[in-house]
Amino acid sequence: MRSSISQLFSATADHDARGRNTHQLQAAGAATPSQCTNGYAGHSGSIKDVSKTDWNSRLGDGTAQLNGTLGRGTSETAETDSSGTGGMRDALEGPGAAQNDAIHLKRRVGLFSGVALIVGTMIGSGIFVSPSGLLVRTGSIGVSFIIWMACGLLSLLGALAYAELGTMNTSSGAEWAYFMDAFGAWPAFLFSWVSTLVLKPSQMAIICLSFAQYAVEAFVYECDPPLAVVKMVAILAIVSILFVNCYSVNLGMAVQNVFTSAKLIAVLIVICGGAYKLCQGNTQHLQNAFSGATPSLGAIATAFYTGLWAYDGWNNLNYVTEEIQNPSKNLPRSIIIGIPLVTLCYALINVSYLAAMSPTEMIESEAVAVTFGNRILGVMAWLMPLSVTISTFGSANGTLFAAGRLCFAASREGHLLDILSYVHVRRLTPAPGLIFHSLIAGAMVLYGTIDSLIDFFSFTAWIFYGGAMVALIVMRYTKPNYPRPYKVPLIIPILVMVISGYLVAAPIIEKPQIEYLYAVLFILAGLIFYVPFVHYGYHPKFMDNVTLFFQMLFEVVPTTSMAMFD
């Protein structure tokens, strides 16, 4: 039954590519196994249970590629678009799988799209929500500005280390793939467990709540926007972004490119407005920048959390390395272009804010960018809420784009539900993983608030960022001859690892809270599921029917990419 369903999907894709009529489609559905070599309805265990010999025999002329996939059309030069936009000239919907081609995620992310994914994800709600929070925690304009710059430098150093990891192992999944390489299955599983259920959905929930708050405020003048309305708009944003990314990779990247360009224009408006005020002599708020009490080490760590939230997204491109054209070059190039650009924008935006309002006004304002617009733009003040909504929507789009690939990579190795590793038979998008993340993000929107989500996200995320640095250092010694197209000085991952440890430990020492213990217990709770379902490979029989049901519902099939770790 499972194989016949998969044969039907494979025949359907072949029909769409060649324009057959209905009778031909029915005939193709009854094709012999030799005619439907790529239709596998699912796997009861992980893909690593399948030997390379078996995969090669099924795929015929498929050969293992450096990027961790198998079959034709997966090399780094496949589907290269000279425009650098990631194949945007193609039709929105892919041509479908040819009769003997492997079903896989195609390389449609070029250099421009890579930079847009980094910049578009990083510049989201943080710069519009975080400035006042960072001032509160530092109590000093000068210290807060230094932390803004330090957060940018830390993000750049971390991303450069990730560039080495991403060019060593071009499998999607970022930290999950690197933990598998360096430590083995159970640390990688714990990362996928926490990221899939908490980190990525909470990140998207935060951004969509910020989007909804600014969008609703445009229609409310004399009171705070109703919380129920804000959450409904946030849910609507999640559904819209989900549709875009499930429909087409090219459409998702087109939205990312357009919204990134629009938000950079909005940033330029803020910077020009600040420059105008500075030219008028409004520099009083920038004087005596270091007045005030010196913050404690714990306060500096929590201030870093606030600032780093605005920079988060610097590692998102590593989640989609299987879809980057020529990743050994475009991954580090995108990082080197994108993160310094964001850091420069953040520095100039903060100076512009202080040219138009005092630190006290920034702290008291719940929408700093909107207050700035009212002071500077006059009748055009409505541009700022519009700019913020554009910025946050684009950031949420990039976040979901990356999150779906983590689900795809981890479940392909048997660490999550099988169905999450499947891709749409015609559109070649990881639809089940995208839907799964969106459902959890929607639940968080209905339950949580922005502040509580940011604190939990930052503490847990930096545990794994530090773990990725340890993985890089370990593999320098355990895999010294492994190909490294891009290599960073060893001092960089060591420095980021030390800072990560400080960011995790300092808030606990300064102000112990039960929430930190809950976070650690939640991470370790993943072992309860790892031991029976991954280590011992227990597979409930009813899951076959569940997988089959969702496979028919979503029209998805498993990829025929070779698992990286067997």
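Helices are DSSP runs of at least four residues, numbered from the N terminus. The views below are taken from a predicted model.

View 1. Helix H10 covers residues 249–279. From its first C-alpha to its last, this 31-residue helix reaches 45 Å, close to the 45 Å expected at 1.5 Å a residue. Ser 248 caps the N-terminal end of H10, with a side-chain oxygen 3.1 Å from the backbone nitrogen of Asn 250. Just after H10, Gly 281 adopts a positive phi of about 95°.

View 2. Asp 312 is located in the loop between helix H11 (297–311) and helix H12 (327–356). Asp 312 is buried but has no salt bridge. The nearest side chain of opposite charge belongs to Lys 200, 5.5 Å away. The side chain of Asp 312 does make a polar contact with the side chain of Gln 203, at 2.8 Å. A polar contact also joins the side chains of Asp 312 and Tyr 465, at 2.8 Å.

**View 3. The largest nonpolar core.** This core has 110 residues. Trp 176, Trp 314, Ile 335, Tyr 346, Tyr 353, Trp 462 and Leu 503 are those with the most contacts inside it. Helix H6 (residues 141–168) gives the most to this core, contributing 14 residues. A second, separate core of 30 residues includes Met 204, Leu 251, Leu 434 and Ala 441.

**View 4. The contacts of Ile 335.** Leaving aside residues up to four places away in sequence, Ile 335 touches Ile 118, Leu 156, Ala 159, Leu 160, Ala 163 and Pro 340.

How values were computed
Residues are numbered from 1 along each chain as its sequence is written. This is a predicted model: local features need pLDDT of at least 70, side-chain atom pairs count only at pLDDT 80 or more; totals for chains, interfaces and linings use all residues. Side-chain values use heavy atoms; hydrogens and water are left out. A nonpolar core is a set of buried Ala, Val, Leu, Ile, Met, Phe, Trp, Tyr and Cys residues joined through side-chain atoms within 4.5 Å. Buried means under 20% relative accessible area, exposed over 50%, partly exposed in between (1.4 Å probe, protein chains only). Helices (H or I, at least four residues) and strands (E, at least two) are DSSP runs, numbered from the N terminus. Contact means heavy atoms within 4.5 Å. Lys and Arg count as positive and Asp and Glu as negative; His and the chain ends are not counted. A salt bridge is a side-chain nitrogen of Lys or Arg within 4 Å of a carboxyl oxygen of Asp or Glu. A polar contact is a pair of N or O atoms within 3.5 Å; within protein, one must be able to donate a hydrogen and the other to accept it, and residues adjacent in sequence count only if both atoms are side-chain atoms. The expected span of a helix is 1.5 Å times one less than its number of residues.
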